[in-house]
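These are my notebook entries on a structure that I examined. I began with the charged side chains and then turned to the strands and the surface.

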Amino acid sequence: MQRESMLSKMQICPVMTTVEVIGGKWKPRILWYLRAGAAGFGHLQRAVGASERMLSKSLKELERDGVITRAVIPVGKVMTTEYAFSSYGLTLAPVLDAMGDWGLAHPPTSTALATARATRR
């Protein structure tokens with residue numbers, strides 16, 4: 001019985017559940033920048049470096065998954081869009097902090113890894 005229970009838990013991998021929600025090229029960067037507070041589309045695009053299309057796609061997915069909220073705010077005669085963590089999304093803060101700490105503690109050590117990271121930016 002214990003072996004079956006362990007196999008059942010392995011089939012539903014909680015790490016993969018997390019990766020499905022926050023994984024990809026742009027989502028981790030978006031979430032990292034939103035930790036500082038709400039941000040507009042243009043600010044996120046400059047900070048993250050994603051194309052308008054890819055940023056929009058990633059933001060829609062994060063909003064669909066309930067991780068972020070989207071608010072349209074009138075600023076004079078212009079409407080601006082702001083994105084922020086939802087209360088559900090804030091539960092990811094410790095995960096992001098741990099990932100950030102790990103990344104700082106383990107800088108790229110191989111030339112191949114450093115090159116791969118540089119080309120992804």
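**Salt bridges.** I counted four salt bridges, taking one to be a side-chain nitrogen of Lys or Arg within 4 Å of a carboxyl oxygen of Asp or Glu. The model is predicted, so I noted its limits: local features need pLDDT of at least 70, side-chain atom pairs count only at pLDDT 80 or more, and totals for chains, interfaces and linings use all residues. Residues are numbered from 1 along each chain as its sequence is written, and side-chain values use heavy atoms, with hydrogens and water left out.

I looked up Asp97 and Arg35, whose side chains meet in a salt bridge at 2.7 Å, N to O. This pair links distant parts of the chain, 62 residues apart: Asp97 lies in helix 7 (residues 93–105), and Arg35 in the loop between helix 3 (27–34) and strand 1. Helices (H or I, at least four residues) and strands (E, at least two) are DSSP runs, numbered from the N terminus. I recorded Asp97 as partly exposed because its relative accessibility is 31%; buried means under 20% relative accessible area, exposed over 50%, and partly exposed in between (1.4 Å probe, protein chains only). Arg35, at 37%, is also partly exposed.

I next examined Glu61 and Lys57, which form a salt bridge with the closest N and O atoms 2.9 Å apart. They are four residues apart in helix 5 (residues 52–64), so about one helical turn separates them. Glu61 is buried at 18%, whereas Lys57 is partly exposed at 41%.

Arg64 forms a salt bridge with Asp65, the closest N and O atoms being 3.2 Å apart. I also noted that salt bridges with shared partners join Lys27, Lys57 and Glu61 into one network.

**A charge over a ring.** I returned to Arg35 and found its charged end over the ring of Trp32, 3.9 Å from the ring centre. The rule asks for NZ of Lys or CZ of Arg within 6 Å of the ring centre and within 35 degrees of the ring normal.

In what order do the three strands of the open sheet lie? I read the order as 1-3-2, with antiparallel pairing; two strands pair if DSSP finds at least two bridges between them. Strand 1 and strand 2 are the edge strands, each pairing on one side only. Strand 2 (residues 68–75) pairs with strand 3 over eight bridges, and Ile73 stands opposite Thr80. Two bridges join strand 1 (residues 39–40) to strand 3 (residues 78–85), where Glu82 is the bridge partner of Gly40.
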